[in-house]
Amino acid sequence: MWNSLKTMWIVFLHMFRRRVTIQYPDEMPNIPPRWRGRIILSRDPDGEERCVACYLCAAACPVDCIALQATEDEHGRRYPEFFRINFSRCIFCGYCEEACPTDAIQLTPDFEMGEYNRKNLVYEKEDLLIDGTGKYPGYNFYRVAGVAIGGKNKGEAENEAPSVDPHSLLP
Amino acid sequence: MDSVDSAMNEWVAIWMNLILILAVVFAFSAMLSWIERRLLGLWQDRYGPNRVGPFGVLQIVADSIKLLTKEDWIPPFADRAVFVLAPAIVAITTLLAFAVVPIAPGIGVVDLNIGLLFFLAMSSLGVYSIVLGGWASNSKYSLLGGLRAAAQMLSYEVFMGLALMGVVMLAGSFNLRDIVAAQENLWFCVPQILGLATFAVAGIAEARRLPFDLPESENELVAGFHTEYSSMKFGLFFIGEYVGITLISAMIVTLFFGGWLGPLLPPLVWFLFKTFIIVACFILLRAALPRPRYDQLMAYGWKVMLPVTLVNLLITGAVVLSMA
């Protein structure tokens, strides 16, 4: 009996505590930056698409919601001809982001993606591509990778020594 | 002509009284579902429903619209007639019991000289609703809920009546207005503290409120006796429950806390204020205490509460005799 009364008193005192509820549409919850929300495709600092259409994200995706087609521009730079994510299937596991070798595909702290029409949940490349670099501001894949690409030959990348001609006998 | 006119006026007054009390009881019981949820939220560090209307007061309107537009489903395996009848019984009996509650001087439906007995009779009839509802639903969960309701309410009925006999002895009347008048000098919550404690426990059990909501117990019996009910039949059970809480609180106020008596403020305000405090205590009880096991409930009723009530009865009788 005494215990019950004590319990009631403690519960009564909770009246004067701070509320834990975040009244969501009126006030936004504090979402951590690593929140796995809406997926975007980022660009490198030069404004080019980071995606090299390697299909690793599509392969990693456990629900097969990513579809893309690789193609090349005139300099031999690979990019996706189309890039489609079906968000009605996506489970926001973040495996695509982990698989991406060029930090192109990223998950963002946006979760307000409700739609009345199911078809509208299929995002095309123009819906996914953003103008910025996302979470990795300085990273520029083609400026650190060894491949030759339009305007940059082998040995001209950052932190890369000029290439050596192995057939030359000169010291 | 004059006598006809005055008779007419009397009729009008009586009907006005009746309709107003019915409306206020219904409105208060309806608001109680919102008040309860807000208070529970308050005591659990959250807000409760605050979206519909200012502070969420229109929540009950939204709930009613939803309940009324739901499919009114009677299971094919149910006993149709009894199934329909059961929810009406609980609403009718609790509302009938309200007829004898003396709200304030001049406000009240009837002034029965056996008002207290009428209240006990009506609150006992309420158990039929639960048992019949559980039986007519023809499903395991409902039947178990009905069984529990029958056992629980019968055992708590025993000392509910006995707990009030001390008050009757002190006041020397079964008339609720006389009982209130007898508390002019000292509220009965002081000399009848044991009676108050036992009646409050029995009252909670009668109203099937947590921690004595074993007939319903969501986490083992789905929803107990009203598992198969939907739409406004389900709503009627809830109206019955909320009117029941209001009734028990009003009776506690009438019998132990001096009814409408109080300084300065008008009697009606005092009565409503006290009733609201008791209702809030019931809700606090729900927020704080867990539900006991079934055998604990029965043991508590028969082995603790009944002896306490009898001791209270003996002491009160001895004191009343020695004073006389």
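In the predicted model, helix α9 (residues 231–256) of chain B and helix α10 (residues 267–288) of chain B have axes that come within 8 Å and cross at roughly 120°. Axes are lines fitted to C-alpha atoms, for helices over the stretch in contact, and angles run from 0 to 180 degrees between N-to-C directions; helices (H or I, at least four residues) and strands (E, at least two) are DSSP runs, numbered from the N terminus. α9(B) and α10(B) are therefore oblique to each other, given that angles under 35 degrees count as roughly parallel, over 145 as roughly antiparallel, 65 to 115 as roughly perpendicular and the rest as oblique. The crossing of α9(B) past α10(B) is right-handed, a crossing being left-handed if the near helix is turned anticlockwise from the far one by less than a right angle, and right-handed if clockwise. On α9(B), the contact is formed by B:I245, B:T246, B:S249, B:A250, B:I252 and B:V253, and on α10(B) by B:F271, B:K274, B:T275, B:I278, B:V279 and B:F282; residues are in contact if their C-beta atoms, placed from the backbone, lie within 7 Å. Eight nonpolar, three polar and one charged residues make up this contact (Ala, Val, Leu, Ile, Met, Phe, Trp, Tyr, Cys and Pro count as nonpolar, Asp, Glu, Lys and Arg as charged, and the others, Gly among them, as polar).

B:I252 of this contact lies 222 residues from B:A30 in sequence and 20 Å from B:A30 in space, C-alpha to C-alpha. B:A30 belongs to helix α1 (residues 2–43) of chain B and, with 19 C-beta neighbours inside 10 Å, is partly exposed. A residue is buried if 20 or more other C-beta atoms lie within 10 Å of its own, exposed if 12 or fewer, and partly exposed in between.

Positive phi values, near 55°, occur at the non-glycine residues A:F92 and B:R208. A:F92 is placed in the loop between β3 (78–86) and α3 (95–99) of chain A and is partly exposed, with 14 C-beta neighbours inside 10 Å. B:R208, in the loop between α7 (193–206) and α8 (218–221) of chain B, is buried, with 27 other C-beta atoms within 10 Å.

Residues are numbered from 1 along each chain as its sequence is written, and chains are lettered from A and ligands numbered from 1 in the order in which they are written. Local features need pLDDT of at least 70 and side-chain atom pairs count only at pLDDT 80 or more, whereas totals for chains, interfaces and linings use all residues.

Technical notes:
Two residues are in contact if their C-beta atoms, placed from the backbone, lie within 7 Å.
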